[in-house]
Amino acid sequence: MESEKSFDLQIPSVLGFEKVVVDFAASVGKILHLPAERIEDLKTAVAEACTNAIEHGNRINPSARVSVSFTIEEAKLQVTVQDEGTGIGQTTPLSLEQAIAGKKERPRGWGIFLIKNLMDEVEFETRPGRWNMVRMVVRLQE
């Protein structure tokens, strides 16, 4: 690629709208000729980041926005997801065994773990009282 290209999306903090961003991520992955497996990794990481922003950052407040930026550079695709919340905090994942052992919830809390393990680089930043941001990178060339 000759120069940096950037695309910005904004969605309301309503569960289900993360699918718009996931579909866009898949389209970007196809344009960049990412292997199908990497496109699936990207879709999962983007879905988790957007869902976290909607649920935990913006507390499902429909008037709060989630901003997503896709930046294509020569050797990487960078995706940033930013909410308007006060902090995601730390959650401990609920294991499948815990869920089976009497908890009625489905296994939860694996989003950050998945993001970190599916992307090549991940960075979290919080500006207390202002916003939270996750920056994810997929390297395009090894």
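Predicted model: local features only at pLDDT ≥ 70, side-chain atom pairs only at ≥ 80, totals over all residues.

Me: Fine. How many helices and strands does the protein chain have?

Reply: There are four helices and five strands in the protein chain. Going along the sequence, they come in the pattern β-α-α-β-β-α-α-β-β.

Me: And what share of the residues is buried?

Reply: Of the 142 residues in the protein chain, 40% are buried.

Me: What about contacts, how much do residues 24 or more positions apart account for?

Reply: They make up 66% of the contacts with a separation of 6 or more.

Me: OK, aromatics next. How many aromatic pairs are there?

Reply: The structure has two aromatic pairs. In one of them, Phe7 and Phe24 have ring centres 5.9 Å apart and planes at 65 degrees, so this pair is edge-to-face. It ties together distant parts of the chain, with Phe7 in strand β1 (residues 5-12) and Phe24 in helix α1 (residues 18-31), 17 residues apart.

Me: Why do you give both a distance and an angle?

Reply: Because a pair of aromatic rings is described by the distance of the centres and the angle of the planes.

Me: Which residues form the aromatic cluster?

Reply: Phe7 and Phe24 are in one cluster together with Phe70.

Me: Let's stay in strand β1. What does Gln10 touch, leaving aside neighbours within four places in sequence?

Reply: Gln10, which lies in strand β1, is in contact with Arg65, Val66 and Ser67. With Ser67 there's a side-chain to side-chain polar contact at 3.3 Å. As for Val66, the C-alpha atoms of Gln10 and Val66 are 5.6 Å apart, though the two residues are 56 residues apart along the chain.

Me: Good. Where is Thr71, and is it buried or exposed?

Reply: Thr71 is in strand β2 (residues 65-72). Its relative accessibility is 8%, and buried means under 20%, so Thr71 counts as buried.

Me: What does the Thr71 side chain pair up with?

Reply: Ser6: the side chains of Thr71 and Ser6 are joined by a polar contact of 3.4 Å. Skipping residues up to four places away in sequence, Thr71 touches Glu4, Lys5, Ser6, Lys76, Leu77 and Gln78.

Me: Gln78 is in that list. Where does Gln78 sit?

Reply: In strand β3 (residues 76-82). Gln78 has 16% relative accessibility, so it counts as buried.

Me: And which side chain does the Gln78 side chain make a polar contact with?

Reply: Arg135, at 3.1 Å between the two side chains. Apart from neighbours within four places in sequence, Gln78 is in contact with Ser69, Phe70, Thr71, Arg135, Met136 and Val137.

Me: Which residues lie nearest its centre?

Reply: Leu32, His33, Leu34, Leu140 and Gln141, out of 12 lining residues.

Me: And how does that lining split by class?

Reply: The lining of the second largest pocket has six nonpolar, two polar and four charged residues.

Definitions and conventions. Residues numbered from 1 in each chain as written. Heavy atoms only, no water. 1 Å grid on protein atoms, 1.4 Å probe; cavity = no way out; pocket = protein on both sides within 12 Å on 5 of 7 lines; lining within 4 Å. Nonpolar A, V, L, I, M, F, W, Y, C, P; charged D, E, K, R; others polar. Phe/Tyr/Trp six-rings, centres within 6.5 Å; stacked < 30°, edge-to-face > 60°. Helix = DSSP H or I, 4+ residues; strand = E, 2+ residues; numbered from the N terminus. Buried < 20%, exposed > 50% of the residue type's maximum accessible area, 1.4 Å probe, protein only. Polar contact = N/O pair within 3.5 Å; in protein donor to acceptor, adjacent residues only side chain to side chain. Contact = heavy atoms within 4.5 Å.
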